[in-house]
Amino acid sequence: MREEGAFELYDKFGQAVVEDVRDGALSLAANIVKGTTNNKVDLSYYECFSELSEEQKEKICDLISETVTDTIFRFLKMFEEKEDEMKLELISGDESIDILDACDDIGAEITFTDEDGWIPRFSDIGMLVER
């Protein structure tokens, strides 16, 4: 069982992963695919997306969502699979926890679609693909 302080630190980590990494990457990609980015270089480079239907653009965004989420999942699972070689330590002030001590299945936290998962709890975008 996690101590209360460890739980808060673990949640801060999950929130940062979702808000700063996942949602940031998805917002950037969706703005490019949908042509709503203000970046003129991206608009020019990805001009071919303007020829796609809205449904095709949504499917591309869904694929990007799955890919980004899977990449985060695999990154986190790496610490479980290579725990003898490396560890991820969360530190805030004088509090410190090994990420593997904070959760039984760290990679799954990003993929849980129930209310306890990081995406439902912290994402402004949510799960783009519901299967």
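Me: Why is Asp 105 called partly exposed?
Reply: This is a predicted model, so take the value as computed from it. Asp 105 has a relative accessible area of 29%. Buried needs under 20% and exposed needs over 50%, so 29% falls in between and Asp 105 is partly exposed.

Me: What makes the pair Lys 77 and Asp 105 a salt bridge?
Reply: The closest N and O atoms of Lys 77 and Asp 105 are 3.0 Å apart. The cut-off is 4 Å between a side-chain nitrogen of Lys or Arg and a carboxyl oxygen of Asp or Glu, so the pair qualifies. It links distant parts of the chain: Lys 77 sits in helix 3, Asp 105 in the loop between helix 4 and helix 5, 28 residues apart.

Me: Which other partner does Lys 77 have in a salt bridge?
Reply: Glu 80, with the closest N and O atoms at 2.9 Å. Here both residues belong to helix 3, 3 residues apart, or about one turn of the helix. As a rule, an α-helix has 3.6 residues a turn, so residues three or four places apart point the same way.

Me: Are Lys 77 and Glu 80 buried or exposed?
Reply: Buried. Lys 77 comes in at 19% relative accessibility and Glu 80 at 17%. The line is drawn at under 20%, so both count as buried.

Me: How do you know that the span of helix 3 agrees with its length?
Reply: Helix 3 covers residues 54–81, which is 28 residues. At 1.5 Å a residue these should span 40 Å, and the end C-alpha atoms are 40 Å apart, so the two agree. Helix 3 also has the highest mean pLDDT among the elements, 93, while helix 4 has the lowest, 81. For the chain the average is 86, with 91% of the residues scoring at least 70.

Me: What makes Asp 11 and Arg 121 a tie between parts of the chain?
Reply: Their side chains meet in a salt bridge, N to O at 2.7 Å. Asp 11 is in helix 1 and Arg 121 in helix 5, so the pair ties together parts that are 110 residues apart in sequence. Asp 11 is buried, because its 13% relative accessible area is under 20%. Arg 121, at 34%, is partly exposed. The count of salt bridges comes to 7.

Me: What makes up the largest nonpolar core?
Reply: It has 23 residues, and among those with the most contacts inside it are Tyr 10, Phe 13, Ile 110 and Trp 118. Helix 1, helix 3, helix 4 and helix 5 each give two or more residues to this core. Helix 1 gives the most, with 7 residues. Apart from it lies another core of 5 residues, including Phe 49 and Cys 61. In soluble globular proteins, nonpolar side chains tend to be buried together.

Me: Which residues is Trp 118 in contact with, leaving aside neighbours within four places in sequence?
Reply: Among them are Tyr 10, Phe 13, Leu 76, Ile 106 and Ser 123.

Me: Why is Ser 123 called buried?
Reply: Its relative accessible area is 14%, and the cut-off is under 20%, so Ser 123 is buried. Ser 123 lies in the segment after helix 5. Its side chain makes a polar contact with the side chain of Arg 22 at 3.4 Å, and the limit for such a pair is 3.5 Å.

Me: Where is Asn 39, and why is it called partly exposed?
Reply: Asn 39 is in the loop between helix 1 and helix 2. Its relative accessible area is 35%, between the 20% and 50% limits, so Asn 39 is partly exposed. Its side chain reaches the backbone nitrogen of Asp 42 at 3.0 Å.

Me: How many helices and strands does the chain have?
Reply: 5 helices and 2 strands, running α-α-α-β-β-α-α from the N terminus. Of its 131 residues, 37% are buried.

Note on methods: Residues are numbered from 1 along each chain as its sequence is written. This is a predicted model: local features need pLDDT of at least 70, side-chain atom pairs count only at pLDDT 80 or more; totals for chains, interfaces and linings use all residues. Side-chain values use heavy atoms; hydrogens and water are left out. Helices (H or I, at least four residues) and strands (E, at least two) are DSSP runs, numbered from the N terminus. The expected span of a helix is 1.5 Å times one less than its number of residues. A nonpolar core is a set of buried Ala, Val, Leu, Ile, Met, Phe, Trp, Tyr and Cys residues joined through side-chain atoms within 4.5 Å. Buried means under 20% relative accessible area, exposed over 50%, partly exposed in between (1.4 Å probe, protein chains only). Contact means heavy atoms within 4.5 Å. A polar contact is a pair of N or O atoms within 3.5 Å; within protein, one must be able to donate a hydrogen and the other to accept it, and residues adjacent in sequence count only if both atoms are side-chain atoms. pLDDT is the predictor's confidence in each residue, from 0 to 100.
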